[in-house]
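Subject: Structure handover

Hello,

Here is the structure you asked to take over. Please open it alongside this message and follow the residue numbers as you read.

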Amino acid sequence: MGVPLFFIISAFSMSLAYRGGIGDGASALRYALRRIFRIAPLFYLMLAAWLAYYAYLGSPFQGFGTLLSNLTLTFGITQNGIVPAGWSIGIEMLFYALFPFLILWRGFVSAGVLLVLGLIGAWAISRVEVAPFDFYHWTHPLTGAPYFALGLLAWRIYAALQDRRRDRLAHVLLAGGVALLCALVIWGPPMPEVRDPVPLALICGWGMAFFLIVLSQALSPVRLIDNGLTRYLGRISYSLYLCHPLVIYGSGIPLHVAALAGDPLAVAIAAPLAAIALSLPPAILLYHAVERPFIALGRRLTSERAGAGPATPLAQA
């Protein structure tokens, strides 16, 4: 359930960074280049690492068509990603491609229309009862569409409220979001099995809870959530997200933890903590060695194209 939260934050932050819109061809080109330099270099590195790992395990090659869709970052459509956990990157790239058009749909009414259309799409894909492969419904772009619409709507509300006193409202929204999450965990629809459709009630419930939390922290962040440690983890989160499956598979953390603890609850707590602890060092290395240099390169190239000076803090965000 962390990925839907990521989708909402993504749509919100992109709207914030491009609040002035993408007005012409030159702006669209700068936008596209920055997105590519932000996402592609680390993804290609992890793609090469996984191809080597699969070859080491003796797994059969998945075909040049699959490889091509991963190299062109279009595997969000075909859902044939090679990098584990990379399915969300494929959907994110689809959103990046549509964002220059969606940026025109950030009013209250238009964002609401997009949300309704997204929910209809999610409902439609859930009607496919026989999934062609595991997690087909969960990783389908239409299942993620409502979350992006909620992010656009959250930004519109934030833009309307940002000049007003908002601490009390933010705290109410945060309390409501956390309360809804707790209610969903206790009484909400269960998480679907790997081949089952994703219930629309689950999408609406978790989407609304994350929507309230994101909006609350945009209006008035609380220190427990927004501090130096969480901001740094946010900066390295892309590296952490892409490298953690390789760490888990390569180290066999869940098997080792399960062998040491007989209590399933203890395993459920210890395994993620161990995975995070082992994944942090390579994630930090990847962020500083790969992500930051290519982000800076993309910013420098696009600034030179525009004949502009250094990027503003808003553009950096």
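This is a predicted model: local features need pLDDT of at least 70, side-chain atom pairs count only at pLDDT 80 or more; totals for chains, interfaces and linings use all residues.

Helix H2

Helix H2 covers residues 25-57 and has 33 residues. At 1.5 Å a residue, H2 should span 48 Å, and its end C-alpha atoms are 46 Å apart, so the two values agree. H2 has a kink of about 30° at Ala 40, shortly before the proline Pro 41. Just after the helix comes Gly 58, with a positive phi of about 85°.

H2 packs against helix H3, which is made of residues 64-71. The angle between them is about 155° and their axes are 11 Å apart. An angle over 145 degrees counts as roughly antiparallel, so H2 is roughly antiparallel to H3. On the H2 side, the residues that meet H3 are Phe 43, Tyr 44, Leu 47 and Leu 51. On the H3 side they are Leu 67, Asn 70 and Leu 71.

Helix H5

Helix H5 runs over residues 87-102, and its 16 residues should span 22 Å at 1.5 Å a residue. The C-alpha atoms at its ends are 21 Å apart, which agrees with that figure. H5 also has a kink of about 30°, located at Tyr 96, shortly before the proline Pro 100.

Which residues of H5 are buried? They are Ser 88, Ile 89, Gly 90, Ile 91, Glu 92, Met 93, Phe 95, Tyr 96, Phe 99 and Leu 102. Among the elements that cover these buried residues are helix H1 (2-17), H2, helix H4 (75-78), helix H6 (108-126), helix H7 (141-161) and helix H11 (237-251).

The nonpolar cores

The largest nonpolar core has 72 residues. The members that touch the most other members are Tyr 18, Phe 43, Met 46, Ile 89, Phe 95, Phe 99 and Leu 242. Helix H9, residues 200-219, gives this core its largest share, 12 residues. Another core, of 6 residues, lies apart from it and includes Val 247, Val 267, Ala 271 and Ala 275.

Leaving out residues up to four places away in sequence, Tyr 18 touches Tyr 31, Phe 99, Ile 103 and Arg 106.

Single residues

Val 257 lies in helix H12, residues 253-260. Is Val 257 buried or exposed? Its relative accessible area is 12%, and buried means under 20%, so Val 257 is buried. Apart from neighbours within four places in sequence, Val 257 is in contact with Val 267, Ala 270 and Ala 271. Val 257 and Ala 274 are 17 residues apart in sequence, and their C-alpha atoms are 8.5 Å apart in space.

Gln 79 is not a glycine, although it has a positive phi of about 55°. Gln 79 sits in the loop between H4 and H5, and it counts as buried because its relative accessibility is 16%. Phe 135 is not a glycine either, and its phi is positive at about 65°. Phe 135 is found in the loop between H6 and H7. With a relative accessible area of 43%, Phe 135 is partly exposed.

Regards

Definitions and conventions: Residues are numbered from 1 along each chain as its sequence is written. Side-chain values use heavy atoms; hydrogens and water are left out. Helices (H or I, at least four residues) and strands (E, at least two) are DSSP runs, numbered from the N terminus. The expected span of a helix is 1.5 Å times one less than its number of residues. The bend at a residue is the angle between axes fitted to the seven residues ending there and the seven starting there. A nonpolar core is a set of buried Ala, Val, Leu, Ile, Met, Phe, Trp, Tyr and Cys residues joined through side-chain atoms within 4.5 Å. Buried means under 20% relative accessible area, exposed over 50%, partly exposed in between (1.4 Å probe, protein chains only). Contact means heavy atoms within 4.5 Å. Axes are lines fitted to C-alpha atoms, for helices over the stretch in contact, and angles run from 0 to 180 degrees between N-to-C directions. Angles under 35 degrees count as roughly parallel, over 145 as roughly antiparallel, 65 to 115 as roughly perpendicular and the rest as oblique.
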